[in-house]
Amino acid sequence: MSVFDRKGDKMFAQPFSKPVRVWVGLGFPRQLNTVADAYQFAMDWCGNSPEQRAAIRACRAALAGDIDAETARGVLVAFARKKDILVQDGTAPPPTGSGQMNHV
C-alpha cells in the first residue's frame with residue numbers, strides 16, 4: 001500500500017498525542033506534530049544510523065496504517081534521544097561544536 005492512497009492520507013493528518021520537539025540547524029527547535037512531519041524529518045536527516053532507519057520504517061508503517069501514530073512517535077523519540085537532539089522542557093540546545101548537528 002502506498003503512503004499516498006486514501007488510508008495514507010488519513011494517517012498523514014493524524015497528529016501525535018504530544019508533539020516531538022527536536023533541535024535543528026544552529027540550535028533552533030523544530031516541532032513535529034504528525035507522522036508526516038516525523039517521516040520528512042527522519043528522511044532529511046543526514047546519516048544512516050540504525051535508529052534513523054528504525055524511525056523511517058516506523059513512520060512508513062504508521063503512514064500505511066500498519067501501526068499507530070504513537071508507536072511511530074516512540075521510535076522517533078528514541079532516535080532523537082540517541083542523536084542528542086530531543087528538546088526537553090527547559091533545556092538548552094546542544095553545543096554546536098560537538099559534531100552532533102547533522103541535519104541539513
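I started with V20 and looked up its bridge partner in strand 2, which is L32. This is a predicted model, so I'll get to its confidence further down.

Strand 1 covers residues 15-24 and strand 2 covers residues 28-34. I find them running antiparallel, joined by six bridges.

**Helix 2 on helix 3.** Next I went to the helices. Two packed helices are described by the angle and the distance between their axes. For helix 2 (residues 35-44) and helix 3 (residues 50-63), the axes come within 9 Å and cross at roughly 150°. I noted the crossing of helix 2 and helix 3 as left-handed.

Who touches whom? From helix 2 I listed V35, A36, A38, Y39, A42 and M43; they meet Q52, A55, I56, C59, R60, A62 and L63 in helix 3. Sorted by class, this contact has eleven nonpolar residues, one polar and one charged.

**Helix 3 on helix 4.** Then I did the other pair. Helix 4 spans residues 69-82, and its axis lies 9 Å from that of helix 3, at an angle of about 165°. Helix 3 and helix 4 are therefore roughly antiparallel to each other. I have their crossing down as left-handed.

On the helix 3 side, I wrote down E51, Q52, A54, A55, A58, C59 and A62. Their partners in helix 4 are A69, A72, V75, L76, F79 and K82. By class, the contact of helix 3 with helix 4 divides into ten nonpolar, one polar and two charged residues.

**Confidence.** Last, I checked pLDDT. The protein's mean is 84, with 75% of residues at 70 or more. Over residues 1-8 the pLDDT is below 50. I still count 13 contacts for that stretch in the model, beyond near neighbours in sequence.

Methods: Residues numbered from 1 in each chain as written. Predicted model: local features only at pLDDT ≥ 70, side-chain atom pairs only at ≥ 80, totals over all residues. Heavy atoms only, no water. Axes fitted to C-alpha atoms, helices over the stretch in contact; angles between N-to-C directions. Helix = DSSP H or I, 4+ residues; strand = E, 2+ residues; numbered from the N terminus. Left-handed = near helix turned anticlockwise from the far one by under 90°. Contact = heavy atoms within 4.5 Å. Nonpolar A, V, L, I, M, F, W, Y, C, P; charged D, E, K, R; others polar. pLDDT = per-residue confidence, 0-100. Pairing = 2+ DSSP bridges. Parallel < 35°, antiparallel > 145°, perpendicular 65-115°, else oblique.
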